[in-house]
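Could you give me a quick, friendly briefing on this protein model?

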Amino acid sequence: MAPLIALVAGTALARLAGLAGIAALDGWHPALRVGLALMFVMTGMVHFVGPRRQDLIAMVPPRLPRPELLVTVTGVLELAGAVGLLVPATARWAAAGLTLLLLAMFPANVSAARRRLTLAGRPVTPLGVRTALQLVFLAATVAVAVGP
């Protein structure tokens with residue numbers, strides 16, 4: 001749920017900043033880019049720090065090789081995508097890449113739910129809820145990729 005909160009709160013605060021006169025954030029599209037960037041910074045950092053890294057490594061489907069490397073690479077891609085979202089010239093490409101990344105990583109969430117793994121000591125998000133969240137995240141990245 002934390003990524004959803006980051007997306008919604010980051011977008012809302014950026015939009016309020018735009019309404020308060022910050023021209024670069026004047027509109028829902030730039031505000032959404034900020035919300036997505038905040039979400040991907042938050043999720044990307046987890047790939048590198050704290051005990052959750054081990055949980056993410058465990059989430060990688062067993063048939064895939066080098067789960068530690070995969071978690072590191074996806075973390076780097078999330079952080080790079082977050083930066084790309086904040087640069088108007090690269091935002092569309094970053095959003096398109098993050099869309100593909102979300103699609104590529106979703107099987108790990110399915111695998112984790114089916115194997116009843118934990119994340120930070122709590123069960124991973126149930127598959128139905130996770131799928132709904134994934135659709136929200138995908139809608140946001142697609143909106144940035146194809147938006148104004």
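Here is a short tour, grouped by topic.

This is a predicted model, where local features need pLDDT of at least 70, side-chain atom pairs count only at pLDDT 80 or more, and totals for chains, interfaces and linings use all residues. Residues are numbered from 1 along each chain as its sequence is written, and side-chain values use heavy atoms, with hydrogens and water left out.

**Where helix 3 meets helix 4**

- The axes of helix 3 (residues 52-59) and helix 4 (residues 67-86) come within 9 Å and cross at roughly 115 degrees.
- Helices here are DSSP runs of H or I with at least four residues, strands are E runs of at least two, and both are numbered from the N terminus.
- Axes are lines fitted to C-alpha atoms, for helices over the stretch in contact, and angles run from 0 to 180 degrees between N-to-C directions.
- Helix 3 and helix 4 are therefore roughly perpendicular to each other; angles under 35 degrees count as roughly parallel, over 145 as roughly antiparallel, 65 to 115 as roughly perpendicular and the rest as oblique.
- On the helix 3 side, Arg 53, Leu 56 and Ile 57 meet Pro 67, Glu 68, Val 71 and Thr 72 of helix 4.

**The nonpolar cores**

- A nonpolar core is a set of buried Ala, Val, Leu, Ile, Met, Phe, Trp, Tyr and Cys residues joined through side-chain atoms within 4.5 Å.
- Buried means under 20% relative accessible area, exposed over 50%, and partly exposed in between (1.4 Å probe, protein chains only).
- The largest core has 21 residues, and Leu 7, Leu 36, Met 39, Phe 40 and Leu 85 touch the most other members.
- Helix 1 (2-19), helix 2 (28-46), helix 4, helix 5 (91-114) and helix 6 (127-146) each supply at least two residues of this core.
- A second, separate core of nine residues includes Val 46, Ile 57, Met 59 and Ala 112.
- Not counting residues up to four places away in sequence, Phe 40 touches Glu 78, Leu 79, Ala 82, Leu 85, Leu 98, Leu 102 and Thr 141, where contact means heavy atoms within 4.5 Å.

**Two residues to look up**

- Ala 120 sits in the loop between strand 1 (118-119) and strand 2 (122-123), and this residue is partly exposed, at 38% relative accessible area.
- Skipping residues up to four places away in sequence, Ala 120 touches Arg 52 and Asp 55.
- His 29 belongs to helix 2 and is buried, with a relative accessible area of 15%.
- Leaving aside neighbours within four places in sequence, His 29 is in contact with Ala 143, Val 144, Gly 147 and Pro 148.
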